[in-house]
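Please open the model in your viewer and keep the selection tool at hand.

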Amino acid sequence: MNVPDNLRYAESHEWILVEGDTGTVGITDHAQAELTDIVFAEPPALGKSLKAGDVGAVVESVKAASDIYSPVSGEVLARNEVIERTPALLNTDPFGDGWIYKIRLSNPAELESLKDPAAYRAQIGA
Amino acid sequence: MVDFAGWEMPVQYSGILDEHRAVRESAGVFDVSHMGEFFVSGPAGAAWLDSLLTNNVAALESGRAHYSLMLNERGGVIDDLIVYRLGPSEFLLVVNASMIGEDAEWMKARLREGVEFENRSGDYAALAVQGSDAGKIFEKVIGGVMPSERNCVLEIGEGFLVTTGYTGEKGFEWILPAAEATDAWGRILEAGAKPCGLGARDTLRLEMCYPLNGSDLSPDHTPLEAGLGYFVDFTKPDFIGKEALAAQEAAGIPRRLCALKAMEKSPPLRPHYPVFIGGEQVGETTSGAHSPSLGCGIAMAYLPADAGKPGQEVAIEVRGKKFRACVHKKPLYQKAS
């Protein structure tokens, strides 16, 4: 299971890539493997203000609908419209083209409560 | 693994889309051992079943099977089942897992002289092989040629095989002693069938608009409402629920189980989503899924009879947002011939 070293992870299987005050959010390889066959993705609206733990997006596999929780608080700066048309990117490239949204961090201290790659690997038994 | 009527069952093996495609294009196998098996025999067996079930058991030939329904006095569905006629006065009934207890109790409470009833659900496993390659698998695993007609019953050792299914594809369902199931499963896989779980079973049957008891069928809806009138024989002298059905037919069937197909990109449809016509809620989905064959949301819902006509536009609400859909002729999926 792929767990890139340059990301932070939420216990609920989202990842965040932090560059300056901007974070890019997606779901992990483990999450996509569990969900399988993602056929619908709905990133948050531009400008939406999210608190850490809020539902930031919804993805649905053939099996079930899953809420994607925002790992941090902030304002939505960008939404990946490509995954709306091609939701399978969340399965095939969860850490790349399958990103879901970008957020301007309003409280970077929240990153401290997220897991580092080692801790996330331990959580999923990878 | 999920709990299904007390059975631990996989939703999927390799993935629902992959398994669904295998059944539509080649062959898949489902472990349906959770289904219940009742044996009925005795000189009064056929007449007794005819008093409990909607389809005509007396007219069913030995070596054949048919679909039937067991109703309450109000004409509501207790269960839907397959009746196998094994001999002049020997029958096997295959019932839904979640209903084994209730069905057996209902039937035993109405037992008559000259009828033997035995619930042997624990003794049998069941494997369903479905898809255009099912005949090849039959040849390798069972031997000989699979009957080309549907609903043919064969006795195979201590087990029974019938050319039925729940997917709209060719195939067979094999009821066999539980101790033989693991070996049979292995041989079916070796013969080329892909293992399939509950997830693909649901998407396949919903594309065909085959109802699922507990979702699309319930004690509060009659088979006439569910569009299963074909399996109700009104010429029989009597069966439980007949009077209520006749009254409903005379008065006009108030609502019908309709097939719905999304007309725009939408999240996969699921059960219990509200259905609207012209801003007014007229029902809710009883089943719903993303159709792997059609690539869009599909569902079924009871709609007022005057609205339940193909082409009728409806809106289905998903998480507060409405998506356009329309009533579609059943089945939702038809194999390109």
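Helices (H or I, at least four residues) and strands (E, at least two) are DSSP runs, numbered from the N terminus. This is a predicted model, in which local features need pLDDT of at least 70, side-chain atom pairs count only at pLDDT 80 or more, and totals for chains, interfaces and linings use all residues. Residues are numbered from 1 along each chain as its sequence is written, while chains are lettered from A and ligands numbered from 1 in the order in which they are written.

Select B:Pro331, which is found in the segment after β19 (321–328) of chain B. The peptide bond that joins B:Lys330 to B:Pro331 is cis, with omega near -5°.

Next, select B:Arg319, in the loop between β18 (313–318) and β19 of chain B. Its phi is near 50°, a positive value in a residue other than glycine. B:Arg319 is exposed, with 10 other C-beta atoms within 10 Å. A residue is buried if 20 or more other C-beta atoms lie within 10 Å of its own, exposed if 12 or fewer, and partly exposed in between, with C-beta atoms placed from the backbone.

**Helix α4**

Now select residues 134–141 of chain B, helix α4, where B:Ala134, B:Ile137, B:Phe138 and B:Val141 are buried. Viewed down the axis of α4(B), these buried residues fall within an arc of 105° and so line one face of the helix; the arc is that of the directions from the helix axis to the C-beta atoms. They pack against β9 (124–130), β12 (171–177) and α5 (181–190) of chain B, where contact requires C-beta atoms, placed from the backbone, to lie within 7 Å. Just after α4(B), B:Gly143 has a positive phi of about 95°.

How many residues of α6(B) are buried? The count is 10 of the 10, so the helix is largely enclosed by the rest of the structure. Among them are B:Leu198, B:Arg201 and B:Glu207.

Continue to B:Cys209, in the loop between α6 and α7 (242–251) of chain B. Phi of B:Cys209 is near 65°, a positive value in a residue other than glycine. B:Cys209 counts as buried because 21 C-beta neighbours lie inside 10 Å.

**The contact between the chains**

Finally, display both chains. The contact takes 11 residues from chain B and 8 residues from chain A. On the side of chain B that touches chain A, α1 and α6 of chain B are the elements that give two or more residues.

Notes. Two residues are in contact if their C-beta atoms, placed from the backbone, lie within 7 Å.
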